[in-house]
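Here are my notes for someone opening this entry for the first time. Please keep the viewer at hand while reading.

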Amino acid sequence: MQADKLRRLYLDYFAERGHKRLPSASLVPNDPTLLFTSAGMVQFKEIFWGRVEPRFPTATTCQKCFRTTDIENVGVTAYHHTFFEMLGNFSFGDYFKEGAIELAWEFLTRELAIPVERLWVSVHEEDEEAYAIWRDLIGLPTERIVRLGKKHNWWGPVGNAGPCGPDSEIFYDTGADKACGPDCQGVACDCDRFSEIWNLVFMQYAANQDGSLTPLKRKNIDTGMGLERTAAVLQGVESDFEIDLFRPITEAIEAAMPRALAPEDRPQRNVIADHIRGVAMLLADGVLPSNEKQGYVLRRILRRAIRAGERLELPSGTLNRLVEPIVVVLGETYPEVVSARALIERIIAREEETFRKTLRSGEHRLQRALEGILPSEEKVLPGELAFELYDTYGFPLEMTKEIAAEHGIALDVDGFQRAMAKQKERSRKNSIIDFSEGLAVRDVVKSAKPTRFLGYEATEADAEIVEVIMKGDGSAPEYLVFDQTPFYAEGGGQISDTGTIEDLSQGCQVRVVEVKKRPNGTFHHRITPEEKGCSLNIGERCRLIVDGERRKRIARNHTATHLLHAALRRVLGEHVVQAGSFVSDEELRFDFSHFERMSTEEIARVEDVANAVIRDDLPVETREMPLDEAKRSGAMAHFEEEYKGKERVRVVSVGEFSRELCGGTHVARSGEIGFVKIVSEESVAAGTRRIRAVTGVGSD
Ligand SMILES: [Zn+2]
Ligand SMILES: [Zn+2]
């Protein structure tokens, strides 16, 4: 039976039995505690937990999953993968153990027609209920119902806390002759005899951060049937890499090899097939190679595949050609891989081209170091060397660790982290905005009442001094806090306003050179006295005047930043995501995810798109709304954590062209920008580009 047919049969079977058929969630979950969607239940985690009410009592999915927990086993065993598909049926307080077991049994023995005598099950050693259901209701002979401990028959939670419970696993017996020997542990054994095809999880507890368990108010069912694993059983092959989903990929690898595939080449071939599939599916879900989080994992498995390709002597440029068979086998089920195909091929080709160059010299460097360590007493590779390989040659830490382990040498991970921290310290000094500078904590806690910001409507206002913070040596006031202010404080990439403060009680004035917003919501205006003897006391009335021309230049640049952001997405693609920005009165800088240098034509097209919107003189509107509504309206919010916990957010839109969550100050109509010109385009980090641009008079 083809994998496509198995997928369809499964979903149809449960849909016919009242389950809501839902699409696969993204591989990148909407959950900051998880890097990847690693199981079918991830999209239902909050429902299982009892934090969200389900909209339907039961559901069924085929979920894209990604894991790197057993990455060293991938390609070596028949059934470990990074990317894989999981079929599942879920009950949210509807049926429980009995219903789940009956549904599973009927599907396996009737729909798939697997002979009853091939099926074994395991249950948690204390789960009498599940044991009795298998024995009495299903009528399974007791010698094929195995009781195992928590190591085998307990599932979850994903992350540090969450829903979990005992489970019951269903195995396919490939035959006693496949056992590893007389001491075979049966279904608990890792050998080839028993193939675990389905896990029924009885989700009845919430695991807390401290490891304790609380019973859930609803008892739930979460099941997972590995698509690749079950397809292997049904297709009568021993390894997942032999099924119809993999064969076109492995065949393409073998065809590209300059020699015949030897048995010992098999793991490398499987690693490439698995990893390139994972790379393609991650890219299709919007992950790009980078040096952190999901992007780092993507880069790591791609480089692992490149290294495996070197070992098989694959010619350069082979890996991107594997996208074709992947699209053929998965494109119908996951159309996102079809739409992202050109991007996937370009990124794999580029990464292969750049990494191959450094791979050999890096491996050479590492090889010499390892040879030096081998005779020594303590077999540890220094962390600084691992960092040099990471920094100079682009070796993911885990790859260095794996190569060292092949020689029986450990790696000083702490030393690596120390070297990395030192590097970060050095580069922080060059970052766009240095957040380290500022006030000591004792200065912050005193005035807890947030400053009211008037600057969206006004550039001048009267206000009362509520706090004066003296210079460290006590010689003069350094910061002033008011009950309200028209001064914009540095934030959201926009620099602060400057201006003048007139002390109306004394008739003297000071300059505001910078404004910072503290975590408690107060605005600290850093001042330099214009005249001597301006003492500034709490309770005095002042007139606050923002430098208006400068504010206008900043507004032009900020609105232009939004236009460029939207234009970049139109010209380069939806993978463009804001990675940082800096808006001043002189220029704007915008960092975004993109994998290669922009061509002159692309830059010109981005400018043309943005300048057309400027010529159209569209209205710039700001609206406050709940975060949910803002997201539904399609507003881009790439620093979502900034908005966490806020009930209402501010959405800035330029006609229908651009819509972003933003707290900055903007022009009233796009025409006020005059003109925008990109003056430079460069790389700031792997996978991140920076453009600098000027507007209006600045662009002349
Ligand atoms: Zn065994
Ligand atoms: Zn903005």
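Predicted model: local features only at pLDDT ≥ 70, side-chain atom pairs only at ≥ 80, totals over all residues.

1. Cysteine 180 and cysteine 191 both sit in the loop between strand 7 (162-173) and strand 8 (194-207), 11 residues apart. Is cysteine 191 buried or exposed? Its relative accessibility is 16%, so cysteine 191 counts as buried; the cut-off for buried is under 20%.

2. Now the zinc ion (ligand 2). Its protein donors are His558 (NE2), His562 (NE2) and Cys662 (SG). They lie 2.1 to 2.3 Å from the ion. Along the chain the spacing reads H-x3-H-x99-C.

3. Where do the donors of this second site come from? Histidine 558 belongs to helix 16 (residues 548-572), while cysteine 662 is in the loop between strand 24 (658-661) and strand 25 (676-685). The pair therefore ties together parts that are 104 residues apart in sequence. Both histidine 558 and cysteine 662 are buried.

4. Turn to the pairing of helix 1 (residues 3-16) with helix 3 (residues 97-111). Their axes come within 12 Å and cross at roughly 135°. Helix 1 and helix 3 are therefore oblique to each other. The crossing is right-handed.

5. Which residues make this helix contact? Helix 1 contributes Leu6, Leu9, Tyr10, Tyr13 and Phe14. From helix 3 come Leu103, Glu106, Phe107 and Glu111.

6. One arginine deserves a look. Arginine 269 lies in helix 7 (residues 266-284). With a relative accessible area of 4%, arginine 269 is buried. Leaving aside residues up to four places away in sequence, arginine 269 touches Phe241, Glu242, Thr250, Ile253, Glu254, Leu261 and Leu312.

How values were computed. Residues numbered from 1 in each chain as written. Chains lettered and ligands numbered in written order. Heavy atoms only, no water. Helix = DSSP H or I, 4+ residues; strand = E, 2+ residues; numbered from the N terminus. Buried < 20%, exposed > 50% of the residue type's maximum accessible area, 1.4 Å probe, protein only. Axes fitted to C-alpha atoms, helices over the stretch in contact; angles between N-to-C directions. Parallel < 35°, antiparallel > 145°, perpendicular 65-115°, else oblique. Left-handed = near helix turned anticlockwise from the far one by under 90°. Contact = heavy atoms within 4.5 Å. Donors = N, O, S within 2.8 Å, 3.2 Å for Na, K, Ca; no water.
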